[in-house]
Amino acid sequence: MEAPMHNSAITAAFDSGPAFVPYLTAGDPTFEASLEYVEALERGGASVIELGLPFSEPIAEGKTIQNAISRSLAGGMTPVRFFEFIEQLDVTVPLVCMTYYNLIYQYGTHDGPRPFVERAATAGLDGIIVPDLPAEEAGPLHSACQSHGLDLITIVAPTTTTDRLERLVSLCSGYLYVQARLGVTGARSDVSEQTAASLDRLSDIDLPVAVGFGISSGEHARTVVESGADGVIVGSALVEIIGEGHREDESPESVAQRLEAKSREITTAITKLQQQP
Amino acid sequence: MTGTFGRYGGQYVPEALMPALTELKGAYEQYVLENADGFMDEFHERMRSFGGRPTPLQRADALSERYDTDVYLKREDLVHGGAHKLTNALGQVLLAKYMGKERIIAETGAGQHGTATAMAAAHLDMPCEIYMGRTDTNRQRPNVFRMRLNDATVTPVDVGRCTLKEAISEAMRDWAQSVETTHYVIGSVVGPHPFPKLVREFQSVISDESRRQIRDRTGSLPTSVVACAGGGSNAMGSFTAFLSDDVSLHAVEAGGESLTVDADAGVAPNSATLQTGSEGVLHGARTRVLQDEHGQIMASHSVSAGLDYAGVGPELAHLVDAGRVSAHTVDDGTALAGVHRLSQTEGIIPALETAHAVGWLEEASESQLGEQIVLTVSGRGDKDLETVLEESTRRNIPETPDMDVFDPPADGGTDA
């Protein structure tokens, strides 16, 4: 399978061993606390960070991230604030925006995704993931991303057929997001058989492959990397730490420490693996 | 982009669902369009014997006199279950069976589509789970009970405002997980391709019948056809057979309390998507939606739960843009008065959705009404009785019947 050649910062972040790619909803529960939380992920060893721009109808998210999205929206997050958030972040790793197509489509005064992508590029984002944009509808966003040097990261599902897989790979740069199982986002404790099957058929593509949906612990992450993934995406297990902190009125410093510790747990588990080939 | 209507339509769904939509498109073409294995024959036979089709086209004498024109009512309230909804639900559950699916899921707002799906699933022996916002399960208890009686599982949704749009999102999440064995029976001409076409194809039996019936009866086609529109399945069903005719088509939306929008609160106090919405992407399709300046979907409002939705079918949005269908709004008060007028003068208690179309007759010009009009009575009003009484009293709707028959006897009871 031929994927286009890439020299992106995102792809490069996978060069130094298995990558840890955490996700948080930006602005959860507040703008300021969320800045600290994202920075804690980098201290914990993140290679690339996915940041959710919250949409009111997040059809691909499970309960944990739905709640984060509600908290962030209640805290006043908007696309305009999201880009300010990216600009204020003090991190060096590549950043990916994860959001739904309507927000991209509505941004700016012109029709189509270009104004959003242009602003994303100036704000310092490196890539975009859109869970409700299949290959069939991705043309305009793909071309806008190409002209502004952003990676469009596509999602491969367990139900993806071979002909669709080729199309998704041809649109994709940065890393290929492999959905580990059917369903919505959310932490689970087991590893799906679907994950191994998905990785098997991706062994010959020349893009890093990161697996997400359901990865919740270091051990869990290690199994996924052992199955052949170049990286692990962890969302709900981290978002839940923020949710807990919010419910129990924990200090932002303490939540940040726990996020850093959880990140460290996963980074350590997959890094060790690399040292023992 | 596939499955488009002008600027609208398409398939904006997670990749995990794409193979299922491809499979459904294949089944739609094979069974619905080409009648493979006699699918459409079985559908029509079941709609006849189980569903009560064809429904009558009735001349409304009092309304005809009131508006000095010939008003005919297409009586979808007489479909089994009391609304046009069964036609789509039965069609899709039967299609799921032909496709070899083992389970049915659906969303419901007021409960009409949920009850129709539960009936169809019980009739065809398919396990069925209905997602319904918690706000709606609480305010539509009889419909929850009806679904349970038909052995459907009713799963309350506790997200956001806990109404229809949250229930659709939750049904899509279930489907993303269960897609290999489960068919999602969407309740209107909304969602990703091929749903808008599939649902329209089943519901267009309404206008196939009414077009034939009015010609048999009067020898001519009507001047206009009027139908209420929420998601748009009743409107598309009522219009489709007349699209190539010289017949004017009127879709009546819920004007709610007001057509202005409270953007700060994220609330539109109406469901007038066709008239006040803007282009956006919601629940799998590009269409007209009620949204704020950033693209966040707003909570809609209507006294009629069945019209209360922030989106609309992409084909209907396109027909309005193209000038083939005229969109109108009728507010809560006019719709409530419409319930009373049809009940008192024609002996038909209409659903609040239908009452918007009835209310529009009061506001339409003589030329809009024309010489002969067909109005679809999308459903009966039993489900709305409490709302109608409460809201009519609160708003002092003059036609509201006096309810002091319920007052306790003045002197402690003297029935001796």
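**View 1. Packing of helices α2 and α4 of chain B in the predicted model.** Helix α2 (residues 39-49) and helix α4 (residues 85-98) of chain B pack at an angle of about 140 degrees. Because angles over 145 degrees count as roughly antiparallel and 65 to 115 as roughly perpendicular, α2(B) and α4(B) are oblique to each other. Their axes lie 10 Å apart, and the crossing is right-handed. From α2(B), the contact is made by Phe39(B), Glu42(B), Phe43(B), Arg46(B) and Met47(B); α4(B) contributes Thr87(B), Leu90(B), Gly91(B), Leu94(B) and Tyr98(B). By class, six residues of this contact are nonpolar, two are polar and two are charged.

**View 2. The four-stranded open sheet of chain B.** The strands follow the order β7-β6-β5-β8 and pair in parallel. β7 (153-157) and β8 (182-184) of chain B stand at the edges with a single partner strand each, so one side of each has no neighbour in the sheet. On average, neighbouring strands of this sheet are turned by 25 degrees against each other, direction ignored.

**View 3. Pairing of strands β6 and β7 of chain B.** Five bridges join β6 (residues 128-133) to β7(B) in the parallel sense. Ile130(B) has Val154(B) of β7(B) as its bridge partner.

**View 4. The side of chain B that touches chain A.** Here 27 residues of chain B are in contact with 30 residues of chain A. At least two residues each are supplied by α1 (18-33), α8 (164-178) and β11 (278-282) of chain B. The most come from α8(B), which gives six residues. This side of chain B comprises 14 nonpolar, 10 polar and three charged residues.

How values were computed. Residues are numbered from 1 along each chain as its sequence is written. Chains are lettered from A and ligands numbered from 1 in the order in which they are written. This is a predicted model: local features need pLDDT of at least 70, side-chain atom pairs count only at pLDDT 80 or more; totals for chains, interfaces and linings use all residues. Two strands pair if DSSP finds at least two bridges between them. Axes are lines fitted to C-alpha atoms, for helices over the stretch in contact, and angles run from 0 to 180 degrees between N-to-C directions. Two residues are in contact if their C-beta atoms, placed from the backbone, lie within 7 Å. Ala, Val, Leu, Ile, Met, Phe, Trp, Tyr, Cys and Pro count as nonpolar, Asp, Glu, Lys and Arg as charged, and the others, Gly among them, as polar. Angles under 35 degrees count as roughly parallel, over 145 as roughly antiparallel, 65 to 115 as roughly perpendicular and the rest as oblique. A crossing is left-handed if the near helix is turned anticlockwise from the far one by less than a right angle, and right-handed if clockwise.
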